[in-house]
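Student: Can you walk me through this one? I have not looked at it before.
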Amino acid sequence: MYLEELDRYENGLIEKFRSHPFFTNIKTLSDSEFKNMLVQKRFISLSFTPLYDCAIDAIEDKEGKTLLRQLLREEYPKGQSHRENLVTDLIKIGITKKEILETEPTKETIEAIKSLFALLKFQDFHDIKILVSLRMAEELLVAEEYSFILAELKSRYNIHINDSIFYGPHYMHDRKQKPFGVSGESHADKFNKILAAIINMEEKCAAAKHAIAAACEARMKFFDQFVK
Ligand SMILES: [Fe+2]
C-alpha cells in the first residue's frame, strides 16, 4: 500500500521535474549556452562520489551500505573512470579541455551541490530519507536529465546514444524501470528491495515522500540558473 502510494507520488515529481522550464525550452538554448550548462553540470557529477561516501558513513542499514558501496565503486571500473568518460564526451561535443579545466563552478552550481549534501542531514527515519533521496537525486533524475541531453546531442551534433560513453550508458543503467519498491537491475531499481523492507508504516512513508520531494527540488535548483 505504502509502496504504491510512493510510486504515484514519485511519478508526479518526475513529471514536475521534466516540466522544468529549462527542459521545456532546451531547444532554444544557443550552442554556447548548452555547452556551458554541460561544463557546469560536470561539477554536479563530480559531487556524486563524496555524496555517496558521506551517505555510507551516515546510514545504518547493512544492505543499504552494501548497495551504496557497490554504486560508488562502479564509478571507477578498471581503466577509464566514469568521470574521465564524461570529459571524453564533452570533448567529442566540441568543448575544449581548457574550457573544462578552467571554468569555475558558479555560485548557483555551488548552492545546488550544497542542497544535495543537505539531503544527508541527520533527521528522523534517517536511513529511509537518505536512501530514497539518493535514489531520486543521483540515479533516477540523472537518467531523466540525460534523456534530454541525449536528444540534444543527436539533433545538435549528430552524436547518437551509442556514440556517448558517459551520457548514454548512465541513461541506460540509472533510470527507473520498475515501480517504487519492485526490485530490478537499474541503479534506481536496485534500491527498491531494501526500501520495500523498511518502509512499513505511515510515518516512514511520509518521511520518504518528504525526502524525495526535497531531492527533486535540489536537483531542479541547478537548472534554475539557465532559465532565461
Ligand atoms: Fe548510477
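Tutor: This is a predicted model. The cover over the buried residues of helix 8 includes helix 3 (31–46), helix 4 (48–58), helix 9 (126–157) and helix 13 (202–224).

Student: Which are the buried residues of helix 8?

Tutor: They are Thr109, Ala112, Ile113 and Leu116. Looking down the axis of helix 8, these buried residues fall within an arc of 100°, so they line one face of the helix.

Student: And what does the face turned away from the buried side carry?

Tutor: That face of helix 8 has the exposed residues Lys107, Ile110, Lys114 and Ala118.

Student: How many residues does helix 8 have?

Tutor: Helix 8 runs over residues 107–118, which is 12 residues. From first C-alpha to last it reaches 16 Å, close to the 16 Å expected at 1.5 Å a residue.

Student: New topic. At what angle do helix 1 and helix 13 pack?

Tutor: Helix 1 (residues 2–18) and helix 13 pack at about 15°, and their axes are 10 Å apart. That angle makes helix 1 roughly parallel to helix 13. Their crossing is right-handed. Among the residues making the contact are Tyr2, Leu6 and Phe17 of helix 1, and Cys205, Ile212 and Met220 of helix 13.

Student: Now glycine 168. Buried or exposed?

Tutor: Glycine 168 is buried, because 20 other C-beta atoms lie within 10 Å and 20 or more counts as buried. Its place is in helix 10 (residues 167–174).

Student: Which residues is glycine 168 in contact with, leaving aside neighbours within four places in sequence?

Tutor: Glycine 168 is in contact with Leu150, Ile161 and Asn162. Serine 147 is 21 residues from glycine 168 in sequence, and the two are 8.6 Å apart, C-alpha to C-alpha.

How values were computed. Residues are numbered from 1 along each chain as its sequence is written. This is a predicted model: local features need pLDDT of at least 70, side-chain atom pairs count only at pLDDT 80 or more; totals for chains, interfaces and linings use all residues. Helices (H or I, at least four residues) and strands (E, at least two) are DSSP runs, numbered from the N terminus. The expected span of a helix is 1.5 Å times one less than its number of residues. A residue is buried if 20 or more other C-beta atoms lie within 10 Å of its own, exposed if 12 or fewer, and partly exposed in between; C-beta atoms are placed from the backbone. The arc is that of the directions from the helix axis to the C-beta atoms. Two residues are in contact if their C-beta atoms, placed from the backbone, lie within 7 Å. Axes are lines fitted to C-alpha atoms, for helices over the stretch in contact, and angles run from 0 to 180 degrees between N-to-C directions. Angles under 35 degrees count as roughly parallel, over 145 as roughly antiparallel, 65 to 115 as roughly perpendicular and the rest as oblique. A crossing is left-handed if the near helix is turned anticlockwise from the far one by less than a right angle, and right-handed if clockwise.
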